[in-house]
Amino acid sequence: MSELKNNEERGSWGSRIGFILAAAGSAVGLGNVWKFPYLTGEYGGAVFIVTYIVLLVLVGFTIMLAELVLGRHSQQGPVGAYRAIKQKWAWVGAIGILASYLILTYYSVIGGWIIKYIVSALSGNFNTTDTEALGGIFTTFIGQPFEPLVYHAIFMIMTLGIVMGGIQGGIEKASKILMPALFIILIAVVIRAVTLPGAAAGLEYMLKPDWSKLNIKTIVAALVQVFFSLSLGMGVIITYGSYLGKGENLPLSAVQIPLLDSAAALLSAFAILPAVFALGYNPSAGPGLLFITLPGVFAKMPMGSFFGVLFFVFVLFAAVSSSISLLEAAVTYFVDEHKWERRKATIVLGLVAFLIGVPSSLANGTFGGVTFINGMNFFDSMSFFAENLLLPLSAFMLSIFIGWVWGIDKAVLEATNNGKVKFGFEKIWTFSIKYIAPIAIGFILLQNVITLFK
Ligand code: TRP
């Protein structure tokens, strides 16, 4: 009875499809549309894609299911979830929350850039395919001190607004409409991009692996991206899992969410990289890739400015459905653990995240020369700290926890709803959570710690 009451206060998902779409909504975001394509360009094309998919299957799926299991078992956010099983492990949950919160601070800066691009596309600013000119527009914009901050603020306010609405009212409702819309527009853009004259070289680049480009850096980048893209290692999926009913099929969800997520990542890469080649641009140009080449694609599309606006609007939705999950982890923590009111928690945490994001925004201009970790500016240091250190650390601890501390048999019972659900991958999963995942993640973590002291 007390459990029921607890659920009523916390809220829960209204339907299975609502949960899948919200989880996919968290997963599909700037990581797919913005980051995956530029990483693919930076790390040698097809080699990166193949490495990514291998790690996704081996490690991503494993950790995804582990988080769902832990969250639903305890019906609590990450800290409570660990504590419910082993008091001493609560800090691991806290690391995850800290990480997602830090990611939110600069995620919102990029989200702001997307809003700016909607405005620019609306005012017809992108009617050129000259990548030099488009590059100039982009770097000038992000280098300004003030304007990007305004957009950063707008993005954060949108995030707050939805999180304040709570689980069903806000997050679930929004995801149901926005996710399918994003897929449709992505497909339209891919069709235009791959039929541009000169796009073939880009397709080859994405499909034919050049194995000489495979090195440790590629593997590290790919695994970090698997976590980032699937919203793993940060308590978000634990949190979402905690709102799931005991009848839900977890193994199935742990397959469906990564499938949707990779589809979005691959579509985005196919929307961007062939166009990079067609427009004679440099694939390893980094974070600006989305903002510089896509406007060029729209300039070559019939009704391009219309599609341009539509595209950036849907990317914005994808980004917001991710940022709400980044904020939600911290909000759930303060609501559950410190009995804060949801409204208060949301406003305070959102405001502070905005402020911590300010130096990240300035790091692209005024503040760019100031370096922190290993010669990286504030923006890059934050992302290195959160994504390359905290995120693998929390996923590593999670796999140890599930595989060795809590007991794999109990985890399997939860995964199968006490044996009621078919779990075809049981053997693979238990092997992976005990051995493959911790070894692979531990290796990556070590690489990143070494980087720290270089
Ligand atoms: N997965 C999102 C993206 O690809 C970003 C994100 C949302 C995230 N929530 C997360 C990353 C939690 C890590 C952890 O854009």
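A salt bridge, for this talk, is a side-chain nitrogen of Lys or Arg within 4 Å of a carboxyl oxygen of Asp or Glu. Good morning, everyone. Please keep in mind that the model we are looking at is predicted.

By that rule, how many salt bridges are there? The count comes to 8. Let me walk you through some of them.

Start with Lys 35 and Glu 387, whose side chains meet in a salt bridge with 2.4 Å from N to O. Lys 35 sits in helix α3, residues 30–42, and Glu 387 sits in helix α17, so this pair ties together parts that are 352 residues apart in sequence. Are these two partners buried or exposed? Lys 35 has 10% relative accessibility, so we call it buried. Glu 387 has 2%, and therefore counts as buried too.

Now stay on helix α17 and look for Glu 414. The side chain of Glu 414 forms a salt bridge with that of Arg 72, at 2.8 Å from N to O. Because Glu 414 belongs to helix α17 and Arg 72 to helix α4, the pair links parts that lie 342 residues apart in sequence. Glu 414 is buried, at 10% relative accessibility, and Arg 72 is buried as well, at 0%.

For a contrast, find Asp 210 and Lys 213. The closest N and O atoms of this salt bridge are 3.7 Å apart. Asp 210 has a relative accessible area of 32%, so it is partly exposed, and Lys 213, with 38%, is partly exposed too.

While we are in that part of the sequence, here is a surface feature. Val 50, Val 54, Leu 58, Trp 211 and Leu 214 make a nonpolar surface patch of about 420 Å². Leu 58 comes from helix α4, which covers residues 46–74. How accessible is Leu 58? Its relative accessibility is 37%, so it counts as partly exposed.

Next, helix α15. This helix runs over residues 304–338, which is 35 residues. From its first C-alpha to its last, α15 reaches 50 Å, close to the 51 Å expected at 1.5 Å a residue. Where does α15 bend? There is a kink of about 30° centred on Glu 328.

Ser 322 has 4% relative accessibility and so counts as buried. A polar atom of the Ser 322 side chain lies 3.2 Å from the backbone oxygen of Gly 25.

Asn 32 is in helix α3, and its side chain reaches the backbone oxygen of Asp 261 at 2.9 Å. Asn 32 is at 0% relative accessibility, so it counts as buried.

Ile 292 and Leu 134 are separated by 158 residues in sequence, yet their C-alpha atoms are 5.3 Å apart in space. You will find Ile 292 in helix α14, residues 289–299. With a relative accessible area of 6%, Ile 292 is buried.

Last, two loop residues for anyone who likes backbone angles. Gln 75 is in the loop between α4 and α5, and its phi is near 55°, a positive value in a residue other than glycine. At 5% relative accessibility, Gln 75 counts as buried. The other is Asn 417, in the loop between α17 and α18. Asn 417 is not a glycine either, and has a positive phi of about 50°. What is the relative accessibility of Asn 417? The value is 9%, so Asn 417 counts as buried.

Helix α17 is tied to α3 through Glu 387 and Lys 35, and to α4 through Glu 414 and Arg 72.

Definitions and conventions
Residues numbered from 1 in each chain as written. Predicted model: local features only at pLDDT ≥ 70, side-chain atom pairs only at ≥ 80, totals over all residues. Heavy atoms only, no water. Helix = DSSP H or I, 4+ residues; strand = E, 2+ residues; numbered from the N terminus. Expected span 1.5 Å × (residues − 1). Bend = angle between axes of the 7 residues up to and from the residue. Patch = residues over 30% accessible without salt bridge, like charges linked within 9 Å, V, L, I, M, F, W, Y side chains within 5 Å. Areas by Shrake-Rupley, 256 points an atom, 1.4 Å probe, with all protein chains shown as cover. Buried < 20%, exposed > 50% of the residue type's maximum accessible area, 1.4 Å probe, protein only. Polar contact = N/O pair within 3.5 Å; in protein donor to acceptor, adjacent residues only side chain to side chain.
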